[in-house]
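These are my notebook entries on one structure. I record what I looked up, entry by entry.

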Amino acid sequence: MQERQKEWARWKYFVMARSQKEYLALRQLFSGNQWSEEKNKQFYQHLNTVQNLPINLKAQRNAYEHVWGYFKRVASPEERQHFFTFLDQMTETDDQALLYLKKLAEKYQIDYLLASHFFD
């Protein structure tokens, strides 16, 4: 179970950026302490589903704002301005906000984010 929870942590924001429905389903899957082969199968089915979903700007924005929480206390006012400008300008084909979050994760060495699939 603990290994799956670590894997879920690596996928969490990736999933959140693509589908709130899938994110909630996976969160529910991890509630409670009972882990089974069936839950393991469902976990990977959900991940497969999410990886094949089209871009959802509302879900992306929600996830990006959650990830911004890692920087809000350390980022400069200019960095905050840049992030929210990129976020407001984000389209399905132009996503500077994700690249900027990655740059901030590297600058501030947020290992949790850097080890995740969020920037994949």
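**Entry: a charge over a ring.** I began with arginine 18, whose charged end sits over the ring of phenylalanine 14, 3.6 Å from the ring centre. I count a charge as over a ring if NZ of Lys or CZ of Arg is within 6 Å of the ring centre and within 35 degrees of the ring normal.

**Entry: basis of the values.** The model is predicted, and I therefore note that local features need pLDDT of at least 70 and side-chain atom pairs count only at pLDDT 80 or more, whereas totals for chains, interfaces and linings use all residues. Residues are numbered from 1 along each chain as its sequence is written, and side-chain values use heavy atoms, with hydrogens and water left out.

**Entry: overall build.** I found seven helices and zero strands in the chain; helices (H or I, at least four residues) and strands (E, at least two) are DSSP runs, numbered from the N terminus. The C-alpha trace spans about 50 × 30 × 20 Å along its principal axes. Of the 120 residues, 38% count as buried, where buried means under 20% relative accessible area, exposed over 50% and partly exposed in between (1.4 Å probe, protein chains only). The accessible surface comes to about 7400 Å², with 48% of it belonging to carbon and sulfur atoms; such areas come from the Shrake-Rupley method with a 1.4 Å probe, and for residues only the protein chains shown count as cover. I also looked up contacts, meaning heavy atoms within 4.5 Å. Among contacts between residues at least 6 apart in sequence, 65% join residues at least 24 apart.

**Entry: aromatic pairs.** How many aromatic pairs does a search of the whole structure find? The search gives 18. Rings of Phe, Tyr and Trp (its six-membered ring) pair if their centres lie within 6.5 Å; planes under 30 degrees apart count as stacked, over 60 as edge-to-face and the rest as tilted.

I examined tyrosine 13 and phenylalanine 118: their ring centres are 6.2 Å apart and their planes stand at 75°, so this pair is edge-to-face. Tyrosine 13 belongs to helix H1 (residues 2–16) and phenylalanine 118 to the segment after helix H7 (111–114), so the pair links distant parts of the chain, 105 residues apart. Both tyrosine 13 and phenylalanine 118 are buried.

I then turned to tryptophan 68 and phenylalanine 83, which are stacked because their ring centres lie 4.9 Å apart with planes at 5°. Tryptophan 68 lies in helix H4 (residues 57–68) and phenylalanine 83 in helix H5 (residues 77–89), so the pair ties together parts 15 residues apart in sequence. Tryptophan 68 and phenylalanine 83 are both buried. Elsewhere in my search, ring pairs link Trp8, Tyr23, Phe30, Trp35, Phe43 and Tyr44 into a cluster.

**Entry: nonpolar core.** Which residues have the most contacts inside the largest nonpolar core? They are Tyr64, Phe71, Leu101 and Phe118, in a core of 33 residues. Such a core is a set of buried Ala, Val, Leu, Ile, Met, Phe, Trp, Tyr and Cys residues joined through side-chain atoms within 4.5 Å. At least two residues of this core come from each of H1, helix H2 (20–30), helix H3 (37–51), H4, H5 and helix H6 (96–107). Leaving aside neighbours within four places in sequence, I find leucine 101 in contact with Tyr64, Val67, Trp68, Phe71, Phe83, Phe118 and Phe119.

**Entry: salt bridges.** Side chains of opposite charge can pair when their charged atoms come close. I found four salt bridges, each a side-chain nitrogen of Lys or Arg within 4 Å of a carboxyl oxygen of Asp or Glu.

- Glutamate 7 and arginine 4 meet at 3.2 Å, N to O. They are three residues apart in helix H1, about one helical turn, and both are buried.
- Arginine 61 bridges to glutamate 65, with the closest N and O atoms 3.2 Å apart. The two are four residues apart in helix H4, again about one helical turn. Arginine 61 is partly exposed at 30% relative accessible area, and glutamate 65 is partly exposed at 36%.
- Lysine 107 and glutamate 79 meet at 2.6 Å, N to O. Lysine 107 lies in helix H6 and glutamate 79 in helix H5, so the pair ties together parts 28 residues apart in sequence. Lysine 107 is exposed at 53% relative accessible area, whereas glutamate 79, at 8%, counts as buried.

Salt bridges that share partners join Arg61, Glu65 and Asp88 into one network.
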